[in-house]
Amino acid sequence: MGRFNKDANTNLLYISCDIVFATLAFLLASFVSGIGIGFFRNGYFIIIISFLAIYILSGKNERIYNTTTFFYADRFFRRVTKSFLIATAVVSTLLLWGKQQEIDRGFYLTFLIFCYVALLFSAFFDHYVLKKKIMIKRRTILIGHIDRYEKFVRFLEKSNTEVSIIGYVSLEENESEDYLGNIKELEDIIHEYAVDQIYIMQRQYGDTIDVQPYINMCVEMGITAMVIMNAYSGGAAQSFVSSVGTYPVITYHTVSLNAGARAFKRIIDIVGSLMGIILFSPFMLVTALAIKIDSKGPVIFKQKRVGMNGRNFNMYKFRSMCIDAEKRKQELMHQNEMDSNFMFKMKDDPRITKVGKFIRKTSIDELPQFFNVLFGDMSLVGTRPPTIDEVEQYERRHWRRISIKPGITGMWQVSGRSTITDFDEIVELDTQYIDCWDVFIDFKIMLRTVLQIFTGKGAF
């Protein structure tokens, strides 16, 4: 990005409001708690500087300062609250560790209460007062068919973009009276209506106009020109705009985990897998001994599975079957209890050993997968890792279920497990998890998994 469009979508006025209102809350808390102007002398002002820095960074990550973010009161309440709690947690931790300066607890609690109210007030003040009553709106014309702009105009009204729509310009020469004119008259229309900016709606499915001459004309005149890429209907896909050097890039994606979410999920996986290995190591040692005594063959069963976007990896489990189980699988395919051959499940599988029945019932056979999670091939929560022969039968719509790392547990495991025999229903559960991922969903699934292990519900 060039220096002229850096942070172009950032609502700097909203950030300024947060700084002003939070500072006022700090001053009010200082006088209410009896500190007064002593906060300059005692270094209390470091609190407000640190708090605001962390809150604003968190707020940018939550997109509350993005001018294109829709303003829904409940959503902004949640986002402001989340950023506030993050800033509170970090600053409170720093205060506990930094023992050089004792902070008055009464002042600090008062500050947090006043600051939270001030930040909520700032969000609503920016949207309902500054945007709607005070801000000078940019005079805007929309180029394209009126009916195609209906949804776009609603989005503009919900966002923090300050626009005043003057009218529409037709792409056709024989325009109706609903338009200010046609696109060939654009320069005259800009002069007549004192236009600040224009939007051009690209037609769909390849039926596009050459917009470059009109963009060049606007740039030469100093008018801001924006092209709305409406050429792709993404269905379940979400999109965002970024740039590579000077090239604008529109990205369509269906995986809800961004870079920050993936990093956070990976941290949870590392900590969780290490805790699992340490906590269950006695059970794993006893299980290994029992398997060795019960039947011939290795203790650990290693099998090629398909991971994220088709990557192959070795998945580890405690062996619960006889050593020739893979060879005998073809003989038993006609007894598959699934509705398709995409997965194989059989309740009274003759290949399972005596110890195998117990460790499968209690899910102990899956404990070695903590090492898969630690190595980065799997996650604590994800989709079921399919075998290579299962993936070879996938249709295109099934591929999306492996667009994230597979997990030890997941939506399918806690939603019925073996009672669900329709593979399309399993795919639907997996894609539902992918579309709606949140850290709280992961914790909820892990908790439900533990409960199911103790009850034995849904296990083979």
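Here are some questions and answers about this model.

Modeller: One thing to keep in mind as we go is that this is a predicted model.

Colleague: Good to know! How many salt bridges does the structure hold?

Modeller: One of them joins Arg-78 and Asp-74, and another joins Glu-390 and Arg-384. The structure's total number of salt bridges is six.

Colleague: Let's take Arg-78 and Asp-74, then. About how many helical turns separate them?

Modeller: Their closest N and O atoms are 3.8 Å apart. Arg-78 is exposed at 52% relative accessibility, while Asp-74 is partly exposed at 45%. Both sit in helix H4 (residues 73-97), and because they are four residues apart there, the separation is about one helical turn.

Colleague: And Lys-317 with Asp-365: how many residues apart in sequence are the parts that this pair ties together?

Modeller: Their side chains meet in a salt bridge, 3.5 Å from N to O. Lys-317 lies in strand E9 (residues 312-318), and Asp-365 lies in the loop between helix H11 (354-361) and helix H12 (369-375), so the parts tied together are apart in sequence by 48 residues.

Colleague: Is Asp-365 buried or exposed?

Modeller: Buried means under 20% relative accessible area. Asp-365 has 3% relative accessibility, so Asp-365 counts as buried.

Colleague: What about Glu-390 and Arg-384: what is the N to O distance in their salt bridge?

Modeller: Glu-390 is buried, with a relative accessible area of 3%. Arg-384 is buried as well, with 10%. Their side chains meet with an N to O distance of 3.1 Å.

Colleague: Turning to helix packing, at roughly what angle do H7 and H8 cross?

Modeller: Leu-186, Glu-187, Ile-190 and His-191 in H7 meet Tyr-214, Met-217, Cys-218 and Met-221 in H8. H7 passes H8 in a right-handed crossing. The axes of H7 (residues 186-193) and H8 (residues 212-221) come within 11 Å, and the crossing angle is roughly 35°.

Colleague: Now the surface. What is the area of the nonpolar patch that includes Leu-24?

Modeller: Leu-24 lies in helix H1 (residues 12-32) and is partly exposed at 49% relative accessibility. Together with Val-20, Leu-27 and Phe-31, Leu-24 makes a nonpolar surface patch of about 360 Å².

Colleague: Last one: how far apart in space are Ala-290 and Gly-356?

Modeller: Ala-290 is in helix H9 (residues 259-294) and is partly exposed at 29% relative accessibility. Ala-290 and Gly-356 are 66 residues apart in sequence, and their C-alpha to C-alpha distance is 9.7 Å.

Conventions:
Residues numbered from 1 in each chain as written. Predicted model: local features only at pLDDT ≥ 70, side-chain atom pairs only at ≥ 80, totals over all residues. Heavy atoms only, no water. Patch = residues over 30% accessible without salt bridge, like charges linked within 9 Å, V, L, I, M, F, W, Y side chains within 5 Å. Areas by Shrake-Rupley, 256 points an atom, 1.4 Å probe, with all protein chains shown as cover. Salt bridge = Lys/Arg side-chain N within 4 Å of Asp/Glu carboxyl O. Helix = DSSP H or I, 4+ residues; strand = E, 2+ residues; numbered from the N terminus. Buried < 20%, exposed > 50% of the residue type's maximum accessible area, 1.4 Å probe, protein only. Axes fitted to C-alpha atoms, helices over the stretch in contact; angles between N-to-C directions. Left-handed = near helix turned anticlockwise from the far one by under 90°. Contact = heavy atoms within 4.5 Å.
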